[in-house]
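Welcome, and thank you for stopping by. Let us walk through this structure together, one region after another.

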Amino acid sequence: MSATFPTTRARLHARPRLRGTAPTPLRGGAGASSRTARAALAHHLAEVDPLAGVDLDVTERTWERVGQVGGADLWLITWPPGTSTGWHDHGAASGAFVVLRGSLTEYVWTGVATATTLGPHVVREFGGNHIHDVVGTGDVTAVSLHAYAPSLDAMTRYEVVRGRLQVTSVEKRGEVW
């Protein structure tokens, strides 16, 4: 699947072609939610240059809620090389994200970990059953824009113990982020 989204105001007319990765198999109607999230990314990128004002000299992963579009929360995340989310899900939310700068490696848990490296303009969609760990890779600070629908209200954290995922905590909006 591919789509065309601008990544900066200067590129609004060039509209780079974005490559999409195959979404995780979706269950329970999550397909519509991930499409809502993807549409929110496109709308936001058409209106805003998310890279304007981003501090690329940060030493830790940073995240900021930058708005809500069409029922989806939007978050801008900055990833110095080597920073990671750790294993987590997004509660009831489905989502999509696009790499705006640098590269990210996404490890997806399906009983085993599989990895995909995503570069600029690559869009990744996922359903509410998606468990992953995302890592900033490469030599430069990466930046990505994420959309979650319905709104991101909780995230479950996991760790791998003897080849299986175990829940370590559940974070709720307003507590940690």
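**A guided walk through the model**

Leu56 counts as partly exposed, because its relative accessibility is 32%, which falls between the limits of 20% for buried and 50% for exposed. Please keep in mind that the model you see is a predicted one. You will find Leu56 in the loop between helix 1 (30-47) and strand 3 (62-69). Leaving aside residues up to four places away in sequence, Leu56 touches Arg101, Thr141 and Val143. Another residue to look at from here is Trp79: 23 residues separate Leu56 and Trp79 in sequence, while their C-alpha atoms are 8.6 Å apart in space.

Now take a step back to view the whole chain. The protein contains one helix and twelve strands. Read from the N terminus, the order of these elements is β-β-α-β-β-β-β-β-β-β-β-β-β. Of the 177 residues in the protein, 50% are buried. The protein exposes about 8,400 Å², and 51% of that area is supplied by carbon and sulfur atoms. What share of the contacts between residues at least 6 apart in sequence join residues at least 24 apart? In this protein the share is 70%.

With that overview in mind, let us turn to one of the sheets. Three strands make up an open sheet, ordered 7-6-9 and paired in the antiparallel sense. Strand 7 (113-118) and strand 9 (132-137) are the edge strands, each pairing on one side only. On average, neighbouring strands of this sheet are turned by 20 degrees against each other, direction ignored. Strand 6 (residues 103-109) runs antiparallel to strand 9, and six bridges join the two.

The structure holds three aromatic pairs. In one of them, the ring centres of Trp87 and Trp109 are 5.6 Å apart and the planes stand at 80 degrees, so this pair is edge-to-face. The pair links distant parts of the chain: Trp87 lies in the loop between strand 4 (72-79) and strand 5 (94-101), whereas Trp109 belongs to strand 6, and the two are 22 residues apart. Are these two residues buried or exposed? Trp87 counts as buried because its relative accessibility is 13%, and Trp109 counts as buried because its value is 17%; the cut-off for buried is under 20%. Elsewhere, Phe97, Phe126 and Tyr148 form one aromatic cluster.

Strand 11 (residues 154-161) and strand 12 (residues 164-172) pair in the antiparallel sense, with eight bridges between them. Which residue of strand 12 stands opposite Val161? That residue is Arg164. Two residues lie between the strands of this hairpin, and Arg162 takes a positive phi near 50 degrees there.

Terms used: Residues numbered from 1 in each chain as written. Predicted model: local features only at pLDDT ≥ 70, side-chain atom pairs only at ≥ 80, totals over all residues. Heavy atoms only, no water. Pairing = 2+ DSSP bridges. Helix = DSSP H or I, 4+ residues; strand = E, 2+ residues; numbered from the N terminus. Axes fitted to C-alpha atoms, helices over the stretch in contact; angles between N-to-C directions. Buried < 20%, exposed > 50% of the residue type's maximum accessible area, 1.4 Å probe, protein only. Contact = heavy atoms within 4.5 Å. Areas by Shrake-Rupley, 256 points an atom, 1.4 Å probe, with all protein chains shown as cover. Phe/Tyr/Trp six-rings, centres within 6.5 Å; stacked < 30°, edge-to-face > 60°.
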